[in-house]
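Hi everyone, thanks for coming. Please have a look at the sequence and the structure, and then I'll walk you through a few places in them.

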Amino acid sequence: MASTKNCSFFFFKYALILLNIFFLLVGIILIAVGVGARASAKFTSLSLLGGIVACGVILLFVAVLGFVGAVKHHQVLLFFYMIALFVMFIILFAVSIAVLSLSESQRQKILHASWRISSNSTRAEVQFEFNCCGFDNASRTDSPPDHPSCTNGGPDGLKVPKCGNETRSSSSTCQPLFTGDLTPCCSPCYGAWTNSIEKLARSAGGVGLTFSFFVIGGVVFTYYYRNRKDPSVNPRAFL
């Protein structure tokens, strides 16, 4: 019986250590992705990149807390670690379900709101990367338009490659840049995003949901490990 209890103690201990090493790696990857994207100057939305780095730092801190608590079998550290993981699980699970259940109209409203609060520099980068102009047909015919110029590149010089002579009309198309090019140019950005955003939402929601089960697994392991006696100390002491 004592041997079984000893085995369960070490099982939960090393399982928590491995889980927190995994959390450490994920946190480092998030920080590296945020810093790398900023350094490459491919995307300069500081709010988004700052959010990614902040998530990485928080996960790194929680992982270190859990790692030290697991190695030392420290009751206080394990308690706060368990609370932190439970809060992370609730947030991750709720956000993942919300992302997976978003309808197309809801995604469009959220993206439109994000477009409106974005800087002209960020909008110009999006237009350049996706070969599009404006958010949708309505935004392209606004006066003044809610987007940088697609033909002269605007203040950042990012001219949309497929946009030749931009025409503000309800047709959402313009003259092709090259003779014989049958691809409509200057199409709205939301239309260019649709497939990418849908795939991204499914991927992000799926990854978040999967990761949330790792997190709740950490809560369960911590609970059982915290209530085990350490066989290396006085057997009468309850730790």
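**A walk through the helices**

Let's begin with contacts, where contact means heavy atoms within 4.5 Å. Among contacts in the protein between residues at least 6 apart in sequence, 65% join residues at least 24 apart.

A word on the source: this is a predicted model, where local features need pLDDT of at least 70, side-chain atom pairs count only at pLDDT 80 or more, and totals for chains, interfaces and linings use all residues. Residues are numbered from 1 along each chain as its sequence is written, and side-chain values use heavy atoms, with hydrogens and water left out.

Now, how many helices and strands does the protein have? There are seven helices and zero strands, where helices (H or I, at least four residues) and strands (E, at least two) are DSSP runs numbered from the N terminus. Of the 239 residues, 31% are buried; buried means under 20% relative accessible area, exposed over 50%, and partly exposed in between, with a 1.4 Å probe and protein chains only.

Let's zoom in on helix 1, residues 2–40, which holds Asn-20. Is Asn-20 buried or exposed? Asn-20 is buried, and its relative accessible area is 0%. Apart from neighbours within four places in sequence, Asn-20 is in contact with Val-62, Ala-63, Gly-66, Phe-67 and Tyr-81.

Next, find the loop between helix 2 (46–72) and helix 3 (75–100), where His-73 sits. Most residues other than glycine have a negative phi. His-73 has a positive phi, near 55 degrees. His-73 also counts as buried, at 6% relative accessibility.

My last stop is a pair of helices. The axes of helix 4 (residues 104–117) and helix 5 (residues 120–130) come within 8 Å and cross at roughly 125 degrees. Axes here are lines fitted to C-alpha atoms, for helices over the stretch in contact, and angles run from 0 to 180 degrees between N-to-C directions. Helix 4 and helix 5 are therefore oblique to each other; under 35 degrees counts as roughly parallel, over 145 as roughly antiparallel, 65 to 115 as roughly perpendicular, and the rest as oblique.

Which residues make the contact? Helix 4 brings Trp-115, Arg-116 and Ile-117, while helix 5 brings Arg-123, Val-126 and Gln-127. Buried residues in helix 5 include Arg-123, Val-126 and Gln-127. Just after helix 5, Asn-131 takes a positive phi of about 55 degrees.
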